[in-house]
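Work through the exercises below with the sequence and the 3D view side by side. Each task is followed by a worked solution.

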Amino acid sequence: MNEKSKLLTIGQFAALHGINKKTLMWYDEIGLFHPAAIHPENGYRFYNYYQSPILETILLLRELDVSIPQIRQFLKNRSAATLKSLLDDNIQCLDQKLLHLLAIRKTLCTQQQNMETLLTMDLSEINIVQKEEAHCLITVDIDAGTTFEQEVELITAQTAKYQLGRLHDASYGSMIPVASLQNGDFDNYTNLFIEIPFLQQQEGLHIQPNGSYLRAFHKGDWSKIPLRYQAILDYAGEHGLTLAGYSYEKGINETVSSRIEDYIVQIEIPVAF
């Protein structure tokens with residue numbers, strides 16, 4: 001007798017597939033997956049090895065959150081074509097979930113880095129740091145006449161356009177042209193930016209280049225940021241550094257501070273060599 005034709009108890013079959021035997025009982029009760037045989041006297045359920053591929057397919061589809069009615073429909077019309085179609089749809093869905101999880105992980109790593117910076121930073125320090133990779137930024141144009149309400153509307157429209165879903169899926173900040181800083185115009189914010197993790201480069205996005213950056217921090221009232229910018233320009237002049245492009249500002253302690261006096265802005269400006 002073929003060993004694979006031997007009947008297994010419900011406990012043995014459940015253990016073989018790493019599930020609880022109550023799951024097999026439930027599948028039987030709802031008509032999704034029946035045992036190969038039922039003892040006529042005591043009602044015990046028995047299964048054989050040849051049922052394993054079907055059960056594994058069911059378990060896989062359940063792990064992909066495929067509904068019971070969908071699985072039942074597939075089993076009624078089981079074929080390579082129907083399974084491929086079902087898997088195509090769910091692989092696409094799974095890919096989207098993976099991208100979302102990777103985005104969340106990157107956001108968490110950024111937050112972790114910000115907290116490490118907070119614990120070790122010297123607010124008075126201005127130094128050069130290296131960015132290993134370029135970043136794609138969604139930008140919206142603003143000027144001195146743009147109200148806060150309009151800024152919110154602009155950001156909301158862009159988050160909807162790129163299907164961000166929630167604020168924590170991206171980092172936000174503002175930009176000032178270096179040319180404006182060099183002219184003493186420290187309030188000429190021309191753009192708000194949204195950095196989205198893993199967004200593939202698309203036409204129309206702003207590229208924040210990799211390379212060397214002059215980094216400084218400002219704590220407290222925004223009205224005093226011009227003093228910090230002047231200190232940055234003085235530092236660059238003293239060290240023979242040429243600044244280029246834009247200054248990128250973003251808050252790094254918003255999640256752990258609620259007072260404007262404690263708010264810390266990170267300022268990064270590309271250094272041209």
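**Exercise 1. List the buried residues of helix 8 (residues 225–238) and find out where they lie around its axis.**

Step 1. The buried residues of helix 8 are I225, P226, R228, Y229, I232, L233 and A236. Buried means under 20% relative accessible area, exposed over 50%, and partly exposed in between (1.4 Å probe, protein chains only). Helices (H or I, at least four residues) and strands (E, at least two) are DSSP runs numbered from the N terminus.

Step 2. Viewed down the axis of helix 8, these buried residues fall within an arc of 155 degrees, so they line one face of the helix. The arc is taken from the directions that lead from the helix axis to the C-beta atoms. In general, an α-helix has 3.6 residues a turn, so residues three or four places apart point the same way.

Step 3. On the face turned away from the buried side, helix 8 carries the exposed residues L227, G237 and E238.

Step 4. The buried residues pack against several elements, including strand 6, helix 7 (178–182), strand 11 and strand 12. Contact here means heavy atoms within 4.5 Å.

This is a predicted model, in which local features need pLDDT of at least 70 and side-chain atom pairs count only at pLDDT 80 or more, while totals for chains, interfaces and linings use all residues. Residues are numbered from 1 along each chain as its sequence is written, and side-chain values use heavy atoms, with hydrogens and water left out.

**Exercise 2. Check the span of helix 8 against its 14 residues.**

Step 1. The expected span is 1.5 Å times one less than the number of residues. For helix 8 this should give 20 Å.

Step 2. The end C-alpha atoms of helix 8 are 20 Å apart, which agrees.

Step 3. After helix 8 comes G240, with a positive phi near 65 degrees.

**Exercise 3. Is strand 11 (residues 246–251) enclosed or open, and which strands pair with it?**

Step 1. Five of the six residues of strand 11 are buried, so the strand is largely enclosed by the rest of the structure.

Step 2. Strand 6 (residues 171–177) runs antiparallel to strand 11 and is joined to it by four bridges. Two strands pair if DSSP finds at least two bridges between them. In this pairing, I176 stands opposite S247.

Step 3. Strand 12 (residues 264–272) is also joined to strand 11 by four bridges, again antiparallel. Here G251 has V265 as its bridge partner.
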